[in-house]
Amino acid sequence: MDFTVADKGTGVRLLCRTLGVELSEVMAFGDNYNDIPMLTAVGVPYLMENAAEALKARFPRRCRRVEEVLAVL
């Protein structure tokens, strides 16, 4: 794994590797372009409703508040 790039995707991959958690089992929430690496890395990406329209076309799961999703778990 190349850690020369510092972004949220690299961070979540490193954290999962350290904790022994599969990326497919991870949920992440984002609302901006800097979240794309993280959202594409995890198995369950959520986009906040106030995110840019271009991102909404890419990530179908959406919520207004993180708590709404977590309450269903």
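## Close-up views of a predicted model

**View 1. Phenylalanine 29 is found in strand 1.** Strands here are DSSP runs of E with at least two residues, helices are runs of H or I with at least four residues, and both are numbered from the N terminus. This is a predicted model, in which local features need pLDDT of at least 70, side-chain atom pairs count only at pLDDT 80 or more, and totals for chains, interfaces and linings use all residues. Residues are numbered from 1 along each chain as its sequence is written, and side-chain values use heavy atoms, with hydrogens and water left out. Phenylalanine 29 touches Met38, Leu39, Tyr46, Met48, Cys63, Val66 and Val69, leaving out residues up to four places away in sequence; a contact means heavy atoms within 4.5 Å. One of these partners is Met48: the C-alpha atoms of phenylalanine 29 and methionine 48 are 6.9 Å apart, although 19 residues separate them in sequence.

**View 2. How many aromatic pairs does a search of the whole structure find?** The search turns up one. Phenylalanine 29 and tyrosine 46 form this pair, and their rings are stacked, with 5.3 Å from centre to centre and 25° between the planes. Phenylalanine 29 sits in strand 1 (residues 27-30) and tyrosine 46 in strand 2 (residues 44-48), so the pair ties together parts that are 17 residues apart in sequence. To pair, rings of Phe, Tyr and Trp (its six-membered ring) need centres within 6.5 Å; planes under 30 degrees apart count as stacked, over 60 as edge-to-face, and the rest as tilted. Tyrosine 46 counts as buried at 16% relative accessibility, where buried means under 20% relative accessible area, exposed means over 50%, and partly exposed lies in between (1.4 Å probe, protein chains only).

**View 3. Glycine 30 also has its place in strand 1.** Is glycine 30 buried or exposed? At 4% relative accessibility, glycine 30 counts as buried. Setting aside residues up to four places away in sequence, glycine 30 touches Asp35, Met38, Leu39, Tyr46, Leu47 and Met48. From glycine 30 to methionine 48, the C-alpha distance is 6.1 Å, across 18 residues of sequence.

**View 4. Aspartate 35 lies in the loop between strand 1 and helix 2.** Aspartate 35 is buried, with a relative accessible area of 3%. Look for its side chain, which reaches the backbone nitrogen of aspartate 31 at 2.8 Å. Such a polar contact is a pair of N or O atoms within 3.5 Å; within protein, one must be able to donate a hydrogen and the other to accept it, and residues adjacent in sequence count only if both atoms are side-chain atoms. Beyond its neighbours within four places in sequence, aspartate 35 is in contact with Lys8 and Gly30.

**View 5. Helix 1 has buried residues, namely Gly9, Thr10, Val12 and Cys16.** Seen down the axis of helix 1, the buried residues fall within an arc of 165°, so they line one face of the helix; the arc is that of the directions from the helix axis to the C-beta atoms. An α-helix has 3.6 residues a turn, so residues three or four places apart point the same way. On the other side of helix 1, Thr18 and Leu19 are exposed. Helix 2 is included in what covers the buried residues of helix 1.

**View 6. Both ends of helix 1 deserve a look.** At its start, a side-chain oxygen of aspartate 7 reaches to within 2.9 Å of the backbone nitrogen of glycine 9. Just after helix 1, glycine 20 takes a positive phi of about 70°.

**View 7. The largest nonpolar core has 13 residues, and those with the most contacts inside it are Val12, Val26, Ala28, Leu39, Val42, Leu47 and Phe59.** Helix 1 and helix 2 each supply at least two residues of this core. Which helix gives the largest share? That is helix 2, with four residues. A nonpolar core is a set of buried Ala, Val, Leu, Ile, Met, Phe, Trp, Tyr and Cys residues joined through side-chain atoms within 4.5 Å. Valine 12 touches Leu23, Val26, Ala41 and Val42, not counting residues up to four places away in sequence.

**View 8. Isoleucine 36 belongs to helix 2 (residues 36-41).** With a relative accessible area of 18%, isoleucine 36 is buried. Its contacts, apart from residues up to four places away in sequence, are Leu55, Arg58 and Phe59. The C-alpha atoms of isoleucine 36 and arginine 58 are separated by 9.5 Å.
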